[in-house]
Amino acid sequence: MKKISKFDNKEIIKVLEAGGLVVFPCETVYGVAVDSSNCMVVEKLNKYKQRPLGKPYAIMCSGQKMAEEYVSLNKTAFNLYKRFLPGPVTVVSKGKGKVPKGIESETGTLGVRIPDYPDLLKLIKEFGRPIVATSANASYQRRPYKISDILENISEKQKKLIDLMIDAGELPHNEPSTVIDTTLDDETVILRQGEIKLKGKNEVLSRSDENTQNTAKELWQKYQDFAGKRAIIFCLEGEMGVGKTVFVKGLARAMGIRQQITSPTYDLLSCFQSTVDGQQLAHIDTWRMIDPNSELDDLNIKKLITDRSIIAIEWADKAIEEIRKYLSDAIIIWVKIRYGKNLSDRLISWGNL
Amino acid sequence: MKILAIDTSCDETAVAITHNTKVVSNKIWSQAVLHASFGGVMPSLAQRQHQERIDYIVNRAMLNAKCQMLNIDAIAVTIGPGLGIALGVGINKAKELAIKYKLPLIPVNHVEGHLLSSFVNSKFPMLGLVLSGGTTMLCLVKNIGDYEILAETSDDALGEALDKAARLLGLGYPGGAILEKIARLGDPNKYKLPLPLRNDKIKNRFSYSGLKTALVRLFSTIKDPSKQDIYDLAASFQSTAFDHIIRVLEYHCSQKVTSLLFGGGVANNILLKSKLRKLLKKYNIKLHVPYTKKLNGDNAGMIGVTAYLKIKNQKLKLEDFYNYESVDRNPRLELGY
């Protein structure tokens, strides 16, 4: 093991290219790095970190351009890169399979970090490709802010795996990087879908929550005659905070449901029974779902439809493919709510698919 | 009493072995295994497929506790509140085990589990606060099993509001934990957000949908937000959301209460805990939180401990828990039933 106190890029690159393991400082904690193009070094890194196979690593890039060779960025990821990188944030995106096995996760995602540490950025740029990096402590050991934090907590065997150490003294005690997974955001899916076109469009201006609830009541009265004969699906579309749950509160009240209607975001599905005629209201929210189309199916929406339930689906636009399958079995009312000019104004439009 | 406890109320498949109030092993299936190196935030890929995972988790919990079915005295299972189909998987597994090994089957309320995860032997009545992705509830704990709801959310849960704010600010999902980190770098007084239900005289409810809407509208007025803007928005939102809890809680603080039991995922938040401690100090009330973070989120350890506390404090007999048929899911189960 060799120790240097400055970033001597020539020397570091020589070690990396030979499959060596380098301990380096950055804006968070001391890290260890290996070459991202060498299949053999992942095993060495696993041995050093003493962790089982199958746990992914993040790669460090010199900038977004380099990152995009290895991962596909969606809109959320773009925004994160713009706002937070370089900085102590690891952004997880869909990998392009260009790194050796064992670096990407089993599901093909890959974390990218662009360190806010000029010497390190310069090194990666000169190296011309990303480095695979992780904190220099063995798994479950203390955060390494100085070289002795590392050396005092690893075995002789582990020490022998280190080929080069860059000692920059004690680092400021910053938190390790925050990891943000962007692969769950389906904004790209929605963007591709385009606007949902409605037949027989109606529109009203609501000036308050009360107004919105009354609109729901009027819509219920319009379709009430079908209740018990066919399933009725109220599909709600609109930005966060626009009042989709408020609409369902109005619908429930009109149906004669006395229970408090709260957001079903967490539980995904809540069912209520009307005290008047025993009608069932199923209140569904797809916001948190990863694959709303198949998860609606998992929630057994088919049975709700054969039972002729009343169904309200928030963020229905995310599950439109699944909903379209029920066009002939259920009455589908699509409700769009948009923000209006004044703070409490909402434009509510509805129609059939 | 050794209990094997199962909780499949929503996302997590969780199994634990508890011995009286001690959690011997507490296993939760999550993608955490895959993503631990990333520092705690994990995607929830295929998180709701309990059926495929339940046997594996039961075995892991037993192995981890170095225990065999022969040593188990009872099975405990979450029957609600939660997602019906998810609850069903846990209940079926619990019944199968109970029948096979002729063990009593104790139904448990998930929210009561969160509530009692920080239980200490102290004077009743106590206050109980459960804040998570699905629950926002303050109650008076008169005894174990005897609760009076003081305030519940009338729309969104606090954990849900924090996650939604994080996603709005471009921090991905679930983002409550990241929001907390980023809020530390921001100025909580930079933006004025409306304190929910400020005008409620009797503070018997919580509400987060108005605050969420206010953030959406505020955010849309900021053109090309900078890093610092995001920090400040996160700090302002979090601070207002917590002040709402503090205001409602303060209304219910009184001299006769000396303890507050606090549980649920949001109990991980350091800022909220310090705000709570500051308030409770004024009233000489002690804050109790679970001794480990793992008991804050959804887990089955709390279900086993709750089952034990109920049996012991209400002097129930294990013989009365062999009517397996009567154990059924109840997605809208209320506290105290």
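Modeller: In this predicted model, local features need pLDDT of at least 70 and side-chain atom pairs count only at pLDDT 80 or more, while totals for chains, interfaces and linings use all residues. Residues are numbered from 1 along each chain as its sequence is written, and chains are lettered from A and ligands numbered from 1 in the order in which they are written.

Colleague: How many residues of chain A are in contact with chain B?

Modeller: Two residues are in contact if their C-beta atoms, placed from the backbone, lie within 7 Å. Chain B contributes 40 residues, and the number from chain A is 44.

Colleague: Which element gives the most to the side of chain A that touches chain B?

Modeller: Elements are DSSP runs numbered from the N terminus: helices (H or I, at least four residues) and strands (E, at least two). At least two residues each come from α4 (75–84), β6 (89–95), β10 (178–181) and β13 (269–273) of chain A. With 5 residues, the element that gives the most is α4(A).

Colleague: Into which domains is chain B divided, and how far apart do their C-alpha centres lie?

Modeller: The bounds come from an automatic or database domain assignment. Domain 1 of chain B covers 2–114 + 294–326 and domain 2 covers 122–289. Their C-alpha centres are separated by 28 Å.

Colleague: Which element supplies the largest share of the side of domain 1 of chain B that touches domain 2 of chain B?

Modeller: The contact takes 11 residues from domain 1 of chain B and 15 from domain 2 of chain B. On the domain 1 side, α4 (110–116) and α10 (301–313) of chain B give two or more residues. The largest share, 3 residues, comes from α10(B).
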